[in-house]
Amino acid sequence: MSGVGLNVSVDNLATWTKYSGVDPEAAIYGVNGDLTSVYPVSRRVMFGLNVTF
């Protein structure tokens, strides 16, 4: 074995905003203009291992 590499990638780890409602990317407006929440934005964590022989 001549080398080993490890990598990590994270999408949508956290959202920093002064918006007081639900996540603005996941919010929809109902028929009456009311703010309604839907499923939250997914968070994805990916790990990779690269081994060279």
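V10 sits in strand β1; strands are DSSP runs of E with at least two residues, helices runs of H or I with at least four, both numbered from the N terminus. This is a predicted model, where local features need pLDDT of at least 70, side-chain atom pairs count only at pLDDT 80 or more, and totals for chains, interfaces and linings use all residues. Residues are numbered from 1 along each chain as its sequence is written, and side-chain values use heavy atoms, with hydrogens and water left out.

Now the whole chain. It has 0 helices and 4 strands. The order along the sequence is β-β-β-β. Of its 53 residues, 6% are buried. Buried means under 20% relative accessible area, exposed over 50%, and partly exposed in between (1.4 Å probe, protein chains only). The accessible surface is about 4,900 Å², by the Shrake-Rupley method with a 1.4 Å probe. Carbon and sulfur atoms hold 56% of that surface.

Back to V10. Its relative accessibility is 36%, so V10 counts as partly exposed. V10 belongs to a nonpolar surface patch of about 1,300 Å², together with residues including M1, V45 and V51. Such a patch joins nonpolar side chains (Val, Leu, Ile, Met, Phe, Trp, Tyr) within 5 Å, from residues with over 30% relative accessible area and no salt bridge (a side-chain nitrogen of Lys or Arg within 4 Å of a carboxyl oxygen of Asp or Glu). β1 (3-11) and β4 (44-52) each give two or more residues to the patch.

V51 lies in β4. V51 is partly exposed because its relative accessible area is 33%. Leaving out residues up to four places away in sequence, V51 touches M1 and G3, with contact meaning heavy atoms within 4.5 Å. V51 and G3 are 48 residues apart along the chain, yet their C-alpha atoms are separated by 5.8 Å.

Technical notes: Patches are made of residues with over 30% relative accessible area and no salt bridge: like charges are joined within 9 Å, nonpolar side chains (Val, Leu, Ile, Met, Phe, Trp, Tyr) within 5 Å.
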